[in-house]
Amino acid sequence: MSDALLLALPVGLPAALCAALGLAWLLDARPSENTVGRLTSACWLLVSLAVASLAARFFRGAPSLAAYGDWLGAGGQDFPLGLKADGPSLVMLSLTAVLVGVVAVFSRRYMHRDEGFHRFFVLLNLFGAGAMLLFSADSFDLLAVGWELVCAASFLLVAFYQRREAPARGALYMLGVYRICDIGLFAGIGLLHLHHGAPAGPAAAPIALLFLFAAMGKSAQFPFSGWLPRAMEGPTPSSAIFYGAISVHAGAYLLLRARPLFDAAPGTFAAVVAVGALTAAYGALVGRTCPDAKTALAYATMTQLGLIFIEIGLGFDSLALGHIAGHAVLRTAQFLRAPSLLHDHHQLHSASGGHIAPAGAPFGGLLPRPLQGWLYGFALDLRGRGMS
Amino acid sequence: MSGALEAGLHAALTLGVVLSAPRGERTARWTMGVLWISACVGAAYLSQSAASAAVAWATALLPFLTSAFGRPLDAGRASGLLLFPAQSRLADAFEHGPLLPLALLLNGHLGALVASRWLSALDPETAAMARPWITGLALLAAAAYAALAYQETRPRRVLARLIAGQGALILAGLACGNAAAAAGALALWQTAAVASTMLVCVYAGLEARMGAALDRPGFLGLASSAPRLAVFFAAAAFALGDMPLTMGFPAAELLIRGLLEGGLMGLALPIISALNAYVAVRLFARLFWGRPDDASRNVPDALPRERWALTAALLFLLIGGLVPSAFLP
């Protein structure tokens, strides 16, 4: 199979399925839950096979690259349609293919008889197509297309339970943050074109900082992190795939892709490290005050993303990629377990005769009690400000 | 001559709209708004003809006159009259009366065309001096409309501000004077025309079903009873917000590249686009999300005849988003 076809499959299959399911709904043809679930599972199985085949080619020393012509072809401007599968993109493509497939299988039961079952799978496939495009794009222009599709799907899935006002408000808040930070992405791409794709020296610094601004929004870095706990209003499977696994790592992936820009302006690394350190500290502190499992997981995710930013800022790209992969898999498992966690905890509690040590107790003694109390109050106040 | 004809036709249309509006809705504020906007448009048509003739005369006989009056200031003032704040009463005019004719009558796209035709009639040197001023003013107007739209709470006024803002962005692209910006402006023109018509059609349909209940504050929850209208509205809002898969995305992409070629003021476009997207989608959320009450529980979804028209418009936006080169020079 040619590179062009193999690279097009992971983007094209979920996009086609999303379009087909959407069209069926518009024409009043309602496929059964089983049909929708099986089609989606089959689609992501094929996508996983295609990504595995791309990975095999990569390990044989032949990274895949395909050009599909010029998309825009107007006003003397070019917009090359090209996809590629190199090291960083293969890590993200593999993660997306496997985790979206797992979440699709999980959701067939979790969303059973939900009135929005059909809509959920349309949006899941839209998200999958957008993420695949984001991670396999050969240019920043095409990456921005995937970036925005992921944004649209996230927005619609946070407000999935649309009859309640809290999800709607949470989704609007998230969209506002996303769109503010997307200004950085589009302005950066525009400036990149102005410098014919290769700015040198001082010209690279503002573009790198604009990309960092965009990444901060997508990866919930301080002070743009308020949307992450609000986004937990969506269904648990979508929280797992968006805010635990794939979507939140897109910002870190953008920084990895923009590595040459940061290399051209070395001072910008300090900004990446500072943003990461601040977010890690904030997430770790505030996460301690969260009363529910999903919000605590959101802050834990924020902490890990901060650490990933630090790794990228210090130049440890391979470590950051490994961290992303491990974090995404662990967090997906935790989010998917969250709804039954409390029930299991109660069972364990009674089975052990009520003697389970509270989490983090061994570390409690490291700080004096008054300082612990003050830190708790400070973190509680920070969380209140972040959610107001 | 053609300017007088266009102005006369416009005046006749305005009269028709005013007279056909239900007596209860024909308030003094609304009538004044419609007449004011129409007067501005008519003046623009007339001044376009007059300006062409005057420029031809001036360039042929009295070149010193044009240099004596400070061309950039004149050009800026003229475009400001066409756009902002002369259209600041647009939202008042949009508040009452039949929405579809109003949207057709009071859109800013024709103003942008008039201004660009006026620019092309100038001699190249004058035009080169005027273009950055007009582009900057148009971007300023678009930013002002986006900010005003963000502040508005009533759906009709939000729609009015959004539509006016698109007109200003089209002018910015046409006035910039390079191929990319002009192609972007043309793409945005098509996008804004179709997407804003879709928004207005869906909203007019909802008004016909619910009446004044649509102006209630808070979330109305219409998606549960009218999911297809919600999808059409969301698609049009996403197109106006320059989202990918719709024609708005290539339009914004071309405009940003073209405006940046003309100077760093093009960096304002992503900010305006972000604000417009947020406002349009917030309007969608307000209308269609939330718990439905008695008034919005039994609203009929899109009727077959509405569905076909809106599907055709949606397909245009989607095909334009997937194959933009088919619609662009």
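What share of the 329 residues of chain B counts as buried? The answer is 53%, where a residue is buried if 20 or more other C-beta atoms, placed from the backbone, lie within 10 Å of its own. This is a predicted model, in which local features need pLDDT of at least 70 and side-chain atom pairs count only at pLDDT 80 or more, while totals for chains, interfaces and linings use all residues. Residues are numbered from 1 along each chain as its sequence is written, and chains are lettered from A in the order in which they are written.

**Chain B**
- Chain B has 15 helices and zero strands, helices being DSSP runs (H or I) of at least four residues and strands runs (E) of at least two, numbered from the N terminus.

- A:Ala252 is in contact (C-beta atoms, placed from the backbone, within 7 Å) with residues including A:Ala215, A:Leu305 and A:Ile324, once its neighbours within four places in sequence are left aside.

**Where the chains touch**
- On chain B, 37 residues are in contact with 29 residues of chain A.
- On this side of chain B, helix H13(B) supplies the largest share, eight residues.

Technical notes:
Contact = placed C-beta atoms within 7 Å. Buried ≥ 20, exposed ≤ 12 C-beta atoms within 10 Å, placed from the backbone.
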